[in-house]
Amino acid sequence: MQVYDVLIIGAGPCGLAVGIEAAKAGLSHLILEKGSITESIRRYPKRMRFFSTAENIEIGGIPFPISEVKANRSEALQYYRKVAGYYHLNFKLFTEVTLVLKREETFEVQTVNGETYYARKVVIATGYFDFPRHLGIPGENLPHVSPYYDEPFLYSFSKVVIIGAANSAVEAALELYRHDVDVTIVHRGEDFRSTVKYWLVPDVKNRIREGKIKTRFNSLTTAIEPGRVQIENVETGESEWIDADFVLMLIGYVPDAALLQRCGIELTQPSMIPVYDPETFETNVPGLYLCGTVVAGIHTEKVFIENGREHAAAIVDHMAGRKIRQVKELIERI
Ligand SMILES: Cc1cc2nc3c(=O)[nH]c(=O)nc-3n(C[C@H](O)[C@H](O)[C@H](O)COP(=O)(O)OP(=O)(O)OC[C@H]3O[C@@H](n4cnc5c(N)ncnc54)[C@H](O)[C@@H]3O)c2cc1C
């Protein structure tokens with residue numbers, strides 16, 4: 001029976017960063033990943049560009065050279081793959097972890113394939129991208145409704161309702177409008193979120209002013225049916241049906257709370273922020289750590305690659321009994 005020093009769950013940028021730190025510290029490691037390497041980024045919109053500059057999403061101290069200031073999806077996929085290869089990271093891909101159990105000094109890590117792996121320490125770095133937020137309304141699970149946007153060609157010459165007002169919603173709306181899609185954005189608030197990339201704001205607002213992208217602000221989506229969406233104005237209470245061949249529910253994602261709880265990690269309510277030491281990222285289960293966006297509970301906008309990658313050094317410092325490198329705490333605890 002092989003017992004790894006560190007078993008890492010999730011091969012996103014933050015999980016890879018832990019693998020690198022473990023390798024540098026001479027700790028044996030295994031990364032279990034339910035999909036491909038950097039699976040979340042692989043599933044991002046095909047033509048997305050990161051808002052961070054390339055150096056802010058580097059890992060392992062390896063420079064990320066690109067011709068522009070900010071990387072696109074494909075450059076990021078190339079970069080993380082090369083860094084993982086450079087550090088000889090040890091993966092088992094397409095292996096979803098279902099449970100982490102502590103048995104005295106050793107963890108038992110179970111997978112959906114029925115395998116069990118053993119480790120002295122475990123780091124959960126599962127991000128959030130597999131768990132879209134729901135509205136809890138009739139019809140949201142219909143086949144023409146999706147929480148993911150990929151590329152525009154599926155939608156050309158169709159009517160699409162986009163629910164949401166953050167970056168994903170705005171980027172999808174602009175790209176769809178430019179591919180002959182009749183787009184309506186529905187949002188419960190009165191404007192786009194303040195976090196929308198500053199260079200997108202004039203573009204989307206001018207298209208709205210010209211009537212090329214339609215909006216229904218201050219509007220709740222109350223039901224979805226094949227071919228149409230029902231919305232209700234929060235100020236007037238009036239309801240209306242909008243034609244929709246497709247509905248994109250781009251309202252964000254949340255970490256897999258059930259997995260964390262099954263592993264014995266306590267969650268704070270109502271923020272769903274797990275109980276962990278903000279210096280070491282060790283949870284209430286000794287030897288079980290969290291890394292990356294999974295620490296953020298419902299506040300996923302607070303922890304991303306730029307700051308989540310830094311958790312790795314602190315975690316491995318703690319495991320190795322070294323002085324812990326400081327990580328700035330960004331989550332306000334409620
Ligand atoms: C469109 C978009 C643009 C973004 N742009 C930026 C940006 O410019 N800068 C920035 O810093 N951040 C950005 N982010 C956020 C950033 O991508 C995430 O915060 C980041 O990927 C988090 O890294 P992570 O390693 O914690 O999680 P992830 O990258 O999500 O990796 C988690 C991994 O765990 C795997 N996994 C999940 N559950 C299991 C399981 N049970 N068993 C095994 N494996 C599992 C997943 O398949 C995934 O590969 C963006 C996000 C989106 C959606």
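Reader: Which residues of α4 are buried?
Author: This is a predicted model, to be clear. In α4, the buried ones are S168, A169, V170, E171, A172, A173, L176 and Y177.

Reader: How many is that out of the whole helix?
Author: 8 of the 11 residues of α4 are buried, so the rest of the structure largely encloses this helix.

Reader: What covers them?
Author: The cover includes β8, β9, α5 and β14.

Reader: Some of those are strands. What's the strand order in the open sheet?
Author: β7-β14-β8-β9-β10. That makes 5 strands, with parallel pairing.

Reader: Which strands are at the edges?
Author: β7 (145–146) and β10 (214–216). Each of them pairs on one side only.

Reader: And where does α4 sit on that sheet?
Author: Helix α4, residues 167–177, packs on the sheet and touches β8 (159–163), β9 and β14. Its direction makes about 165° with that of β9.

Reader: Back to β7. How many bridges does it share with β14?
Author: There are 2 bridges, in the parallel sense, and β14 covers residues 246–249. For S146, the bridge partner in β14 is L248.

Reader: Which way do β11 and β12 run, parallel or antiparallel?
Author: Antiparallel. Strand β11 (residues 219–225) and strand β12 (residues 227–233) are joined by 6 bridges. The hairpin between β11 and β12 goes through 1 residue. E225 stands opposite R228 in β12.

Reader: New topic. Where is R193?
Author: R193 is in the loop between β9 (182–186) and α5 (201–209).

Reader: Why does R193 count as partly exposed?
Author: R193 has 14 other C-beta atoms within 10 Å. Buried needs 20 or more, and exposed means 12 or fewer, so R193 falls in between.

Reader: How far is R193 from Y253?
Author: They are 16 Å apart, C-alpha to C-alpha, and 60 residues apart in sequence.

Reader: Last one, the ligand. What surrounds it?
Author: 36 residues do, and the closest are G10, G12, F50, G127 and G292. The elements giving two or more residues to that shell are α1 (13–24), α2 (39–42) and α7 (305–308).

Reader: How does the shell split by class?
Author: 17 nonpolar, 12 polar and 7 charged residues.

Technical notes:
Residues numbered from 1 in each chain as written. Predicted model: local features only at pLDDT ≥ 70, side-chain atom pairs only at ≥ 80, totals over all residues. Helix = DSSP H or I, 4+ residues; strand = E, 2+ residues; numbered from the N terminus. Near = placed C-beta within 6 Å. Nonpolar A, V, L, I, M, F, W, Y, C, P; charged D, E, K, R; others polar. Pairing = 2+ DSSP bridges. Contact = placed C-beta atoms within 7 Å. Axes fitted to C-alpha atoms, helices over the stretch in contact; angles between N-to-C directions.
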